[in-house]
Amino acid sequence: MSSKINRRNAATNIALAFFGAAVRTNSAHAQAYPNKPIRWIVPYSPGGGNDTFARLVGQKLSENIGQPVVIDNRPGAAGLIGGTAVAKAAADGYTIMIDQSSIATNGLVYKKMAFDAFKDLAPLMLGAKGDNTLLVSAASPVKTVADLISMAKEKPGRVAYATGGVGSSQHLAMELFRSQAGISLLHVPYKSTPAAIIAVSVDEVQVFLISVATALGYIKSGKVRAIAVTGAKRSHSMPDIPTLIESGLENYTSYNWVGVFTTSGTPQPVIDRLNTELVEALYDPGVKDTLTKQSWVNAGGPPESLRRVMDEERVRYERVIKEGGIQIEQP
């Protein structure tokens with residue numbers, strides 16, 4: 001009996017020792033982090049919305065933590081080159097990434113991917129949300145969403161919409177619109193936003209869904225006109241433009257959002273520290289004011305907020321992806 005008790009006590013002591021070591025390790029991670037530069041991967045070219053957000057928030061983050069935050073642009077393959085780099089990085093919190101809403105649906109669109117955003121990336125913070133808007137040519141007879149739907153029903157499959165590519169967030173949002181409106185539309189992908197804007201301005205395509213932040217300058221030029229925004233309520237940047245819900249599509253919403261991620265397996269204390277510092281940087285008055293002027297609405301919150309938005313995005317578009325047979329062989 002004494003021997004059994006001694007063995008049980010020994011096992012208990014070993015377990016407590018391991019537990020204590022784990023607690024000390026986690027504590028050490030929290031206290032030592034960060035002690036070197038953080039690499040912030042932007043999986044798109046410099047100058048775009050993701051890049052601007054990362055540089056703005058990254059500068060304030062660097063000031064707050066006392067370490068450089070180095071922006072590393074890794075464009076290509078619809079953001080998947082940068083995403084792969086983060087998924088395969090060391091799980092230590094020194095490599096983070098910004099990405100947009102399509103990261104939640106790429107796994108449904110691409111047949112083969114080098115990583116799974118839901119398994120290989122750890123959410124850090126939902127950065128900000130922004131509405132999209134439907135644009136038509138300033139000379140178009142289409143003045144409202146009802147006009148657009150009426151035209152599409154009169155000319156099934158001949159009313160065209162522009163996007164930035166097959167499987168893009170624009171494509172999925174327009175397919176959701178088409179499905180809920182009960183109409184047939186022609187998808188015309190373009191290689192760039194400027195090319196798509198030119199196309200809609202001359203009525204080469206009849207409508208283009210784009211973020212409010214990007215659209216404002218083109219609307220002010222007088223070459224295009226907004227007929228609706230896609231959020232649950234009107235945009236503070238364009239308060240005179242109705243929502244799609246107000247325009248008759250009672251269940252329709254779509255957002256342009258950005259989130260910050262790191263590598264899955266990163267110690268929880270490091271994730272917690274990053275979240276705290278990122279949210280603080282996001283809500284710096286100067287940063288918040290700049291983002292508001294760019295038509296973003298700050299989000300923040302715990303990492304779970306980003307995970308919840310990713311789950312919602314996947315559910316929102318899964319049906320239209322399957323119905324439309326939207327699939328790409330290679331990114």
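Guide: Happy to! The side chain of S201 reaches the backbone oxygen of I198 at 2.7 Å, a polar contact (N or O atoms within 3.5 Å, one able to donate a hydrogen and the other to accept it; residues adjacent in sequence count only if both atoms are side-chain atoms). This is a predicted model, where local features need pLDDT of at least 70, side-chain atom pairs count only at pLDDT 80 or more, and totals for chains, interfaces and linings use all residues. Residues are numbered from 1 along each chain as its sequence is written, and side-chain values use heavy atoms, leaving out hydrogens and water.

Visitor: Where is the place of S201?

Guide: S201 is in helix 8, residues 193-201 (helices are DSSP runs of H or I, at least four residues; strands are E, at least two; both numbered from the N terminus).

Visitor: What does S201 touch, leaving out residues up to four places away in sequence?

Guide: S137, K223 and V224, with heavy atoms within 4.5 Å.

Visitor: New topic: how much space lies in the largest pocket?

Guide: About 1200 Å³. A pocket is an open set of points on a 1 Å grid over the protein atoms alone, with protein on both sides within 12 Å along at least five of seven lines; lining residues have an atom within 4 Å of a point. Volume is the space filled by probe spheres set on the points, which are joined across faces, edges and corners, and the probe is 1.4 Å.
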